[in-house]
Amino acid sequence: MSTANEKVITMVHGSGGQATDDLIASIFAKEFSNDTLNQMEDSAVVPGAGKIAMTTDSFVVTPVIFRGGDIGRLCICGTVNDLLMRGAKPKYITCGFILEEGLAISTLERVVHSMAETAREAGVIIVAGDTKVINGNGGLYINTAGVGFVPEDVDIKAANARPGDVIIASGNMGDHHAAILSERMNIETDVESDNAPLVDMVGKLLESGIEIRTLRDVTRGGLATVLKELAVASANVFYLDEESIPVSAKVRDFAGLLGLDPMYMGNEGKMIAIVPKEVAEQAVEIIRSAKYGENACIIGEVAEAEDRIAEAGSLIMRTEIGGQRYLDVLQGEGLPRIC
């Protein structure tokens with residue numbers, strides 16, 4: 001919310017008149033300026049050919065500004081990472097803003113600036129957008145769509161995982177979840193969100209020429225939910241080693257304090273890679289050499305289903321005390337409005 005005497009969004013900003021034009025010119029056009037967007041047409045005409053990947057997402061995170069990021073950075077990261085998980089090179093993004101009256105103009109300016117900076121980091125351009133103003137209490141929501149180009153020889157998908165493959169995590173789990181929850185609960189912590197575009201990481205993997213079976217970013221529902229979905233999609237059994245799951249000491253302590261399970265805590269800058277065993281160590285080194293991948297490690301492997309022991313689609317964690325824990329997707333609400 002705004003402070004006294006601060007400029008705020010009002011319903012007139014959504015009228016389509018001069019106030020709307022001024023808002024677009026002073027904030028959005030200034031930050032997102034490029035040859036395509038500057039034409040201000042009803043749709044963007046852009047070059048492209050061959051296989052494309054498309055995605056769309058909506059971002060309603062609370063609070064909109066948090067330790068380590070904000071809704072602007074988050075929406076670019078989330079959109080770009082979804083494209084990357086199919087081996088696409090992200091290229092174009094559109095964004096639709098839903099602004100509640102009472103939103104501080106300074107907050108909007110910060111978010112839009114953050115979006116522009118993150119788009120430049122990710123190598124994408126924002127080619128179209130829309131703004132609507134609604135009654136409310138100073139909220140801000142963003143919808144995005146993204147387009148990327150997929151090389152003809154790339155076919156990365158969940159169903160590709162095979163028995164004998166190795167599962168790699170690109171870094172520590174649960175940072176974004178802990179950052180958002182600590183802000184909401186006013187808990188003092190220096191844990192920051194991991195929201196990040198994984199362009200460098202995926203780009204280096206693709207450039208290496210090693211075979212990549214599956215990529216998936218770890219977001220809502222956490223690591224267990226993502227891996228359970230991949231196990232089901234590939235009709236295999238996924239085994240994890242509990243002691244190999246990367247979780248920082250700060251997040252582990254935070255989770256312990258609140259009774260949370262790091263396996264179900266969300267992230268916004270981590271991914272899972274599934275690769276053949278013979279290239280697993282090489283893949284880990286490539287990810288570690290990339291931006292945001294310094295804590296990458298092997299966390300498990302893919303196996304065939306076994307009658308009466310581990311049916312297809314099972315996710316099993318070998319615990320630190322020598323037992324086995326069967327994991328499922330997140331049950332219940334979890335932490336809402338994390339992205």
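**Aromatic pairs and a buried helix**

Three aromatic pairs are found in a search of the whole structure (rings of Phe, Tyr and Trp, the latter by its six-membered ring, with centres within 6.5 Å; planes under 30 degrees apart are stacked, over 60 edge-to-face, the rest tilted). The F28 and F32 rings have centres 6.4 Å apart and planes at 40°, so this pair is tilted. The model is predicted: local features need pLDDT of at least 70, side-chain atom pairs count only at pLDDT 80 or more, and totals for chains, interfaces and linings use all residues. Residues are numbered from 1 along each chain as its sequence is written, and side-chain values use heavy atoms, without hydrogens and water.

F28 and F32 lie four residues apart in helix α1 (residues 18–32), so about one helical turn separates them. Helices (H or I, at least four residues) and strands (E, at least two) are DSSP runs, numbered from the N terminus. Both F28 and F32 are buried (under 20% relative accessible area; exposed is over 50%, partly exposed in between; 1.4 Å probe, protein chains only). Y92 and F149 form an edge-to-face pair, 6.3 Å centre to centre with 80° between the planes. This pair links distant parts of the chain, 57 residues apart: Y92 in strand β4 (residues 89–100) and F149 in strand β6 (residues 140–150). Y92 is buried, at 8% relative accessibility. F149 is partly exposed, at 21%. F28, F32 and F97 form one aromatic cluster.

Helix α4 (residues 175–185) has eight of its 11 residues buried, so the rest of the structure largely encloses it. Among the buried residues are H176, H177 and I180. N186 follows α4 and has a positive phi, near 55°.
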